[in-house]
Amino acid sequence: MDAKYEGIAVTPRNGKAVEINSMWYNALKIMEELAKEFEGKEVAHKYGVLATKTKKSFNEKFYNEKKKCLYDVIEDEKIRPNQLFSMYLAYPVIDLNSIIADEVFTTVTKKLLNKYGLKTLAKGEENYVEIYEGSPFKRDMSYHQGITWPWLLGIYYDSYKNRIKATKDKVKKQELQAGLKQFVVNVKKTFEKDFYQRGMVGSISELYDSKAPFLPKGTMAQGWSVAEVFRIMLEK
């Protein structure tokens with residue numbers, strides 16, 4: 001969320017951002033594993049201790065009980081998709097079997113997911129915009145304020161898979177598997193049509209409006225949109 005116009009940050013996120021802290025925990029766990037292989041138990045233990053402290057602090061400070069989600073930046077209650085970084089990485093910083101994980105995923109699904117991607121801001125939040133249009137200034141000011149990004153479907157997809165992998169309850173696992181299967185079917189149905197009939201024929205756009213008819217906007221053929229959507233459609 002780095003959009004600027006004439007030096008004005010559209011979505012300033014000063015402080016402790018949820019995705020940065022999620023990636024920091026993931027990095028510490030990776031370093032712990034590498035240290036076990038190449039540096040020895042003592043060095044690995046140091047990274048393990050740092051990771052444990054990070055996870056404890058994260059879960060204490062980022063959970064927003066009021067909105068049943070994670071703060072985008074500590075004390076910033078806007079509902080954004082960045083919180084999925086806590087679930088989709090190799091080492092999730094929140095317990096995927098926890099109530100918090102259920103709440104986060106449910107909130108993202110209800111507030112941000114549509115058939116073309118994830119909205120960058122939930123409807124009803126301050127400065128929410130759902131149509132990408134107008135002057136360069138107006139477009140930049142709406143870039144991460146509610147517009148839909150297809151590539152974020154990949155993070156949602158991986159979060160779904162990680163939850164299934166972590167779930168031990170057979171009934172819940174079956175429910176999640178059924179939900180993921182339907183999600184993949186929906187993605188295929190949406191983009192098989194979009195790929196041939198809308199926007200840049202033969203590719204997938206960078207952005208989509210967040211209300212019907214969900215017009216494709218931004219870069220006509222965006223690599224990361226194509227990559228993530230195709231990964232979902234083709235992965236078995």
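Contact here means heavy atoms within 4.5 Å. Helices are DSSP runs of H or I with at least four residues, numbered from the N terminus. The model is a predicted one, so to speak of local features takes pLDDT of at least 70, and side-chain atom pairs count only at pLDDT 80 or more, while totals for chains, interfaces and linings use all residues. Residues are numbered from 1 along each chain as its sequence is written, and side-chain values use heavy atoms, with hydrogens and water left out.

Take helices H1 and H2 to begin with. H1 (residues 18-38) packs on H2 (residues 41-61) at about 160 degrees, and their axes lie 8 Å apart; axes are lines fitted to C-alpha atoms over the stretch in contact, and angles run from 0 to 180 degrees between N-to-C directions. That makes H1 roughly antiparallel to H2, a label for angles over 145 degrees. Among the residues that meet are Trp-24, Tyr-25 and Leu-28 in H1, and Tyr-47, Leu-50 and Phe-58 in H2.

Helices H6 (residues 152-166) and H7 (residues 170-197) also pack at about 160 degrees, with axes 9 Å apart, and are therefore roughly antiparallel to each other. Their contact includes Leu-153, Tyr-156 and Tyr-160 of H6, along with Phe-183, Val-187 and Phe-191 of H7.

Technical notes. Helices (H or I, at least four residues) and strands (E, at least two) are DSSP runs, numbered from the N terminus. Angles under 35 degrees count as roughly parallel, over 145 as roughly antiparallel, 65 to 115 as roughly perpendicular and the rest as oblique.
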